[in-house]
Amino acid sequence: MQTYVIGDLQGCHEQALSMLDRIRAHAAECGNMAPAILFAGDLINRGPDSLATLRHVRRLALASGGRIDSVLGNHDLHLLAVAYGIRAEHKSDTLAEILDAPDRDELIDWVRRRPLAISVHAAGREHVLVHAGLLPQWNAQQALALAGEVQAMLRGPDHAFAEFLAQMYGNEPAQWSDQLAGADRLRCIINAMTRLRFCDAAGVMDFKMKESGKADPSSGLMPWFEVPGRQSANATVVFGHWSALGLTVRPDLIGLDSGCVWGGQLSAMCLEDRSLLQVQCPQFQEPAKKKA
């Protein structure tokens with residue numbers, strides 16, 4: 001089976017439809033009429049058609065028998081927090097149509113049950129899909145197990161889920177320890193997998209730098225995937241989230257956020273042969289207002 005991963009949609013529905021057509025055509029050329037399609041999170045928000053985008057991806061996923069799915073991104077989690085009254089909408093959010101939709105509850109429940117990480121074996125190599133990144137202390141199997149802890153909470157009893165949402169936000173603890181417990185442990189996992197860009201050599205996360213793909217050398221910070229001795233380097237980590245970094249392809253790394261909502265491209269890649277598919281996108285958000 002061919003597996004395609006699509007970068008951040010952020011509510012760009014027409015571009016999502018174009019990309020799905022491109023994927024189906026590419027897969028058909030290879031004799032595959034039912035490829036696996038995974039999304040790198042941030043299905044919604046910032047773009048013009050968040051409701052239509054979410055409905056379409058959910059409908060495809062439910063009818064796919066598990067072939068189509070998405071990991072959770074920070075904007076998807078933000079939707080949950082707003083829906084449960086934990087956070088207020090931002091001025092640049094495009095979530096109101098989801099929150100006012102007649103099928104709101106079904107959509108929110110589907111988002112809540114999405115995984116934080118997905119493992120795919122392709123081209124003889126393990127691939128781990130997350131929205132943002134992995135802390136350098138985690139190998140692939142540990143990361144998947146930690147994602148499972150978060151998923152169990154998200155899919156658990158409503159009272160425990162709502163209680164955690166109220167504690168989900170914050171930048172601490174900024175460094176992983178196996179001794180972390182409770183909300184601190186879950187928050188650290190979520191921050192790494194949905195928000196991480198830069199950290200230092202010890203794996204201490206930094207969330208201040210958002211608009212750059214490079215850190216000032218004097219800061220001691222580096223992209224999470226450049227930390228020496230990163231334990232997940234034996235797998236290929238596939239992620240979105242970092243439009244300032246742009247399309248990044250290495251044997252151990254595939255970064256697919258190429259700025260769709262900012263007037264860049266929507267990018268997708270076939271994991272088996274590294275075929276790159278792209279759709280040009282209008283500029284729906286002004287760069288000066290850009291918030292990843």
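So, Arg46: this one counts as buried, because its relative accessibility comes out at 5%. Keep in mind that we're looking at a predicted model. Arg46 sits in the loop between β2 and α2, and its phi is near 80°, a positive value in a residue other than glycine. Let me put that in context. Most residues other than glycine have a negative phi.

Now step back to Asn45. Here phi is near 90°, again positive and again in a residue other than glycine. Asn45 is in the loop that runs between β2, residues 36-39, and α2, residues 50-62. Is Asn45 buried or exposed? It counts as buried, because its relative accessibility is 0%.

Follow the chain into helix α2 and you get to Ser50. Ser50 is buried too, with a relative accessible area of 0%. What does the side chain of Ser50 pair up with? That would be the side chain of Thr94, through a polar contact of 2.9 Å. If you leave aside the neighbours within four places in sequence, Ser50 is in contact with Gly11, Ile44, Asn45, Thr94, Glu97 and Ile98.

OK, over to the helices. Look at α7, residues 158-165. Phe161, Phe164 and Leu165 are the buried residues there. Seen down the axis of α7, the buried residues fall within an arc of 105°, so they line one face of the helix. On the face of α7 turned away from the buried side, you'll find His159 and Glu163, both exposed. And what covers the buried residues of α7? The cover includes α3 (74-83), α5 (104-112), α6 and α8.

Two of those, α6 and α8, also meet each other. Helix α6 is residues 140-154, and its axis comes within 10 Å of the axis of α8, crossing at roughly 115°. The crossing is left-handed. From α6, the residues that meet α8 are Ala143, Leu146, Ala147, Glu149, Val150 and Met153. On the α8 side you have Arg185, Leu186, Ile189, Ile190 and Met193. By class, that contact has 9 nonpolar residues, no polar ones and 2 charged ones.

While we're in this region, have a look at the loop between α7 and α8, where α8 covers residues 182-195. Pro173 is found in that loop, and the peptide bond from Glu172 to Pro173 is cis, with omega near -5°. For background, most peptide bonds are trans.

Last stop, Val227. You'll find Val227 in the loop between β8, residues 221-223, and β9, residues 236-239. Val227 is buried, with a relative accessible area of 4%. Which residues does Val227 touch, not counting those up to four places away in sequence? The list is Pro136, Cys199, Asp200, Ala201 and Met222. One more distance for you: Phe198 is 29 residues away from Val227 along the chain, and their C-alpha atoms are separated by 9.5 Å.

How values were computed:
Residues are numbered from 1 along each chain as its sequence is written. This is a predicted model: local features need pLDDT of at least 70, side-chain atom pairs count only at pLDDT 80 or more; totals for chains, interfaces and linings use all residues. Side-chain values use heavy atoms; hydrogens and water are left out. Helices (H or I, at least four residues) and strands (E, at least two) are DSSP runs, numbered from the N terminus. Buried means under 20% relative accessible area, exposed over 50%, partly exposed in between (1.4 Å probe, protein chains only). A polar contact is a pair of N or O atoms within 3.5 Å; within protein, one must be able to donate a hydrogen and the other to accept it, and residues adjacent in sequence count only if both atoms are side-chain atoms. Contact means heavy atoms within 4.5 Å. Axes are lines fitted to C-alpha atoms, for helices over the stretch in contact, and angles run from 0 to 180 degrees between N-to-C directions. A crossing is left-handed if the near helix is turned anticlockwise from the far one by less than a right angle, and right-handed if clockwise. Ala, Val, Leu, Ile, Met, Phe, Trp, Tyr, Cys and Pro count as nonpolar, Asp, Glu, Lys and Arg as charged, and the others, Gly among them, as polar. The arc is that of the directions from the helix axis to the C-beta atoms.
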